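The following paragraphs lead the reader through selected features of a structure. Please keep the sequence and the model at hand.

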Amino acid sequence: MQSTQWDHRLAVRADVKNLVGQAGIVLLRKVADRLGLARALAAVLPAGSGPGWRDRGLALVQLACAIALGATNLLEAEHLQFHWRPLFPSPVSDSTLRRTLEAIDAPVAARIERVRAAIRRVVWTWLTLRPGGFPWIQVAGRVLTGWYVLDLDATIVPCTSKKEGAAGTYKGSFGHMPLGAWVANTRECVAMLLRPGNAAPNDIADHKTVLAASLRQIPLPLWSKLLVRIDGAAFSHGLLDHLQALTTTRRRVRFVTGWAINQADEQAIALLPRHVWTAALRQDGSIHEIKAEDGGTVTYQVAEITGLRDLSGWPTGLRLIVRRVKPSRRDSKKLTAFEKHTGWRYQIVATNIPAHQGLCAVPGSGQAWFLDALYRDHAEVEDRVKAIKRVGLGLLPSKSWQVNTAWVVASTLAADLDAWTRLLLLHDEPELAGAEPATIRRKLYHLPARLTAHARRRTLHLDRQWPWAAAFTTAWQRATELPAPA
């Protein structure tokens, strides 16, 4: 009988050369080269001399590419470069990468941040020129044209060993608690502050630091409109006053934040008549309903209590939007006496977006349901947090605080390269442009290829039956058409 085993007459030999294991590196490196990233980083990193000296800017770009492709430490970053040897014949060793990170102290990190800001300005200029223009976010069926949206959030990076700065967190785990900021329009991580694990999630000074770093990174045009969204960590006089003071003659800043309910808020809610409550909406514009435990449906409702609440001492123009829903059995133990009495669970959103339709008003800001949906859209930052934790931030590789801080800088560079590659090369491929890091690696970045040379030309051959081969070749063509670095 003829054998039908999959390994029938199968032999394995190591007799082929010029194979590229992760061909997606060419997209990341091409974008970096067109932006002049390696040369700009080399200008701000400490330089050296000698026959064995490696360019620190190029080493940092190689490390960022390795992190984007899945490296979680310096040794993995070195080993991944062996997949690219036909393209980049001189891999950077892990010891060289570590020395590069050790050279990134506070002044060097500040210079790298200025490089990122300058290159981001170029990327945003290219985005306005691409088909479709700059990406504006959409909330509850309304496009926020002209609004740049900044989301802040903290996360926990656990560790199992004693690293410098690692401590017990407020959630009972052990590790670090970095605080970051993301641009919702482009999904870029523009700031990341490494903090000890015992840092307070609502630390005002840390939020001010991240906001300042974000404003230095975002290339806002004159008379721009910026919307800042933070969860309940922003509930403090100091931070809300700071957000209010960010408005200047060249920009208008509006914020939507969480609010901790107290007795005064409950008294204001009790004064609301029944007819003012309206149904809350989802991000697609449909009514926000969930299934109840008894098999029925429960509708979220929203109302405004600004005029019923004494807001003396808070920022001028502050508005409070309250949201209620029937509590589930899991939430029954967390209800306050007021919530048990009314039979509803409440949440409040604070904002300084005016109700009138002016030059700097958000479309739909007069409706409580829209402001509620605008704040709920902030939950997408959780996806950005999970993504960057899979692009370097999820595991800090060293016991040294300084090296880990430099690793965070490299991780943000890797996240930048990944975001810029999607924005500039894959903007018409939503399946890839919005994919999770593991998904885009599996579909695009980790695609194997073979490098050949003929007539003084080199060709990278892909599997033509690969479902995303056309997207890869189109992305490469777009990368070659990007303007050369100035």
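H2 passes H6 in a right-handed crossing, where right-handed denotes that the near helix is turned clockwise from the far one by less than a right angle, and left-handed anticlockwise. The contact (heavy atoms within 4.5 Å) involves Leu37, Ala40, Leu41 and Val44 of H2 together with Val108, Arg111, Ile112, Val115 and Ile119 of H6. By class, eight of these residues are nonpolar, none is polar and one is charged; Ala, Val, Leu, Ile, Met, Phe, Trp, Tyr, Cys and Pro count as nonpolar, Asp, Glu, Lys and Arg as charged, and the others, Gly among them, as polar.

The model is predicted: local features need pLDDT of at least 70 and side-chain atom pairs pLDDT 80 or more, while totals for chains, interfaces and linings use all residues. Residues are numbered from 1 along each chain as its sequence is written, and side-chain values use heavy atoms, without hydrogens and water.

Two strands pair if DSSP finds at least two bridges between them; helices (H or I, at least four residues) and strands (E, at least two) are DSSP runs, numbered from the N terminus. Two bridges join S1 to S18 (residues 449-454), and Arg450 in S18 is the bridge partner of Leu19.

Gly313 lies in the loop between strand S15 (301-304) and strand S16 (319-325). Its C-alpha atom is separated by 9.7 Å from that of Asp241, 72 residues apart along the chain.
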